[in-house]
Amino acid sequence: MAEFPRIVVREAAQDAAAFSAVPPLLSQLYRARNIASEAELELGLAALPAPEMKGLEQAAELLSDAIVQGKRLLIVGDFDCDGATSTSVAMLGLRALGAQHVDFLVPNRFEYGYGLSTEIVAVAAERQPDLIITVDNGISSIDGVAAAANFGIPVLVTDHHLPGDTLPAAAAIVNPNQPQCPFPDKSLAGVGVMFYVLLALRARLRALQLPGGAVNLASLLDLVALGTVADVVPLSHANRILVEQGLRRIRAGQCRPGISALLKVAGREPSRLVASDLGFAVGPRLNAAGRLDDMTVGIRCLLEDNPATALAMAAELDDLNRERRAIEQSMKDDAMRALSHLHIDRSRVPAALCLFEASWHQGVVGILASRIKDQFHRPVIAFAEADNDEIKGSARSIPGLHMRDTLDIVAKRHPKMLSKFGGHAMAAGLSLAKADFDAFTEAFVSAVSEQLSEDQLEAVVLSDGELDAEALSLDNAELLRNAGPWGQAFPEPLFHGRFRLQQQRIVGERHLKMVLSPIGQDSHLIDAIAFNVDVAQWPAPAVTEVELVYKLDTNLWRERLSLQLLVDHIRPL
């Protein structure tokens with residue numbers, strides 16, 4: 001658990017009258033998240049933005065012609081959860097809409113790296129596809145699209161990553177972030193973009209009075225929700241609709257057997273599922289396949305129709321995730337030893353951190369970067385060894401720094417330093433020569449220093465305020481649980497306050513289980529848990545009062561539902 005941050009209370013917009021039908025607590029929370037009216041809380045499919053996206057018409061025409069002509073379609077995906085769900089949505093959707101010959105190929109990250117590379121095009125060409133469809137990648141695959149053209153294979157790019165200065169010469173490109181795209185929501189995940197492609201294809205089939213025009217694509221929304229949450233894209237209005245509709249299907253038992261199986265091995269109750277369960281329980285188990293082995297097993301789990309087979313695959317993914325966690329912990333121990341001097345004097349922490357260890361696992365450096373970023377509140381890039389004397393890095397950012405744009409600054413200042421890079425505002429990937437690590441670190445730290453102020457480098461949490469004892473209730477916890485979906489850029493409500501520590505003990509390896517009471521009200525007992533605490537500091541028998549930053553949540557144990565605080569930060573008083 002990171003150092004206790006400075007607490008800043010979120011300010012809510014003044015027009016509370018716009019939420020007259022909403023309980024006061026929710027009104028405050030929504031206004032503090034820049035929701036201007038109750039219309040933005042409408043989460044029915046009718047509220048989705050219309051499918052008016054640059055390239056969508058051409059994509060629908062390409063696909064409808066391919067279906068009518070019985071062409072062979074090959075989906076080239078990515079090896080993360082968004083890529084796996086995008087691939088699955090494309091496979092299932094295209095088959096439902098009439099495609100007779102559709103298959104997928106996911107590059108193994110250790111052999112081919114990310115995206116539609118020239119190497120993976122050569123592999124794809126062996127299957128003799130008539131059309132390649134990229135999902136969750138392709139916008140930067142200039143050489144890959146050109147290589148496919150040399151084989152006589154057109155490419156349909158569907159992606160959501162930020163484009164570079166030049167776009168690939170694809171037959172069609174669907175990406176809300178490409179120039180001159182009128183689609184109002186730029187936050188769709190790759191799986192959301194593919195879902196919109198299928199909507200456009202269905203509309204074209206319907207207009208041409210071809211089979212497939214009446215297919216219910218809502219059956220894919222469980223996968224869309226999973227990919228959207230797991231990719232940590234901002235939960236804009238469109239994404240909240242997609243996630244909420246998917247969650248409703250899962251809660252009602254109307255989801256893919258693979259998702260049911262992954263929930264079972266994760267010990268999650270589908271009927272009480274919330275968005276964070278997708279992000280912290282299902283997503284990591286799928287991602288483990290792409291990190292340690294091959295995402296093919298994850299995709300096959302999502303595509304599997306037989307529940308027993310899907311459960312066996314989910315168990316395999318669960319085993320991979322356990323292995324991933326062990327590797328991650330070892331790597332984190334290495335990193336924290338290397339950074340131990342910065343714990344002694346926080347003023348010496350640079351504006352950004354770059355870490356490299358030859359023994360680190362290439363598939364786990366992204367998680368490591370995220371953990372170190374949380375610990376030090378700095379942009380972090382963690383590197384692992386690759387082939388040809390190169391190292392591959394995975395970057396994670398903090399608010400105020402656009403990671404992909406920052407790498408672009410470095411690339412333009414040092415044109416020969418980065419062999420490749422790409423990504424989002426908060427996460428990115430890159431490759432460079434091992435010999436350039438020190439020079440890159442200096443250049444990256446310099447670029448970050450120019451953009452972030454001292455205030456931005458201070459760890460701050462935005463709290464929704466303090467709750468009085470009466471508001472610390474099971475009813476309010478359930479109200480908040482069902483008021484989402486919460487997630488990136490639409491954060492789950494977070495509160496702070498001071499409590500008397502009545503009981504404390506370690507459960508598991510590093511989790512602090514507590515019984516608390518609001519100060520001055522010893523009879524009002526509340527359960528709380530803080531995960532991954534410093535066991536050298538906790539439990540602390542001499543500490544009787546604490547300050548907490550926490551979420552109001554519930555705990556279901558042996559069919560008994562109770563209030564529980566999920567503690568993000570704890571400080572003795």
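Gly213 touches Arg202, Leu205 and Arg206, not counting residues up to four places away in sequence; contact here means heavy atoms within 4.5 Å. The model that shows this is predicted, so local features need pLDDT of at least 70 and side-chain atom pairs count only at pLDDT 80 or more, while totals for chains, interfaces and linings use all residues. Residues are numbered from 1 along each chain as its sequence is written, and side-chain values use heavy atoms, with hydrogens and water left out.

Gly213 is placed in the loop between α6 (190–207) and α7. Helices (H or I, at least four residues) and strands (E, at least two) are DSSP runs, numbered from the N terminus. Gly213 is buried, with a relative accessible area of 10%; buried means under 20% relative accessible area, exposed over 50%, and partly exposed in between, for a 1.4 Å probe and protein chains only. The C-alpha atoms of Gly213 and Leu97 are separated by 7.4 Å, although these residues are 116 residues apart along the chain.

Helix α7 (residues 221–230) meets another helix. Its axis and that of helix α10 (residues 275–292) come within 9 Å and cross at roughly 90°. Such axes are lines fitted to C-alpha atoms, for helices over the stretch in contact, and the angles run from 0 to 180 degrees between N-to-C directions. On the α7 side the contact involves Ala225, Leu226, Val229 and Ala230, and on the α10 side Ala275, Leu278, Gly279, Val282, Gly283 and Leu286. By class, this contact has eight nonpolar, two polar and no charged residues. Here Ala, Val, Leu, Ile, Met, Phe, Trp, Tyr, Cys and Pro count as nonpolar, Asp, Glu, Lys and Arg as charged, and the others, Gly among them, as polar.

Charged side chains also pair with one another. A salt bridge is a side-chain nitrogen of Lys or Arg within 4 Å of a carboxyl oxygen of Asp or Glu, and by this rule the count comes to 25 salt bridges. One of them joins Glu450 and Arg413, at 2.7 Å from N to O. Glu450 lies in helix α16 (residues 437–451) and Arg413 in helix α15 (residues 403–413), so the pair ties together parts that are 37 residues apart in sequence. Glu450 is partly exposed at 49%, and Arg413 is partly exposed at 45%. In another salt bridge, Glu244 meets Arg251 at 3.7 Å; Glu244 is buried at 9%, whereas Arg251 is partly exposed at 26%. Arg10, Arg33 and Asp464 are linked in a network of salt bridges.

Most residues other than glycine have a negative phi, and most peptide bonds are trans. A cis peptide bond, however, joins Trp538 and Pro539, with omega about -5°. Pro539 lies in the loop between β15 (526–530) and β16 (545–557). Both Trp538 and Pro539 are among the residues touched by Gln504, which is found in strand β13 (residues 495–507). Asp389, in the loop between β8 (380–385) and β9 (390–396), has a positive phi of about 60° although it is not a glycine. Asp389 is exposed, at 60% relative accessibility.
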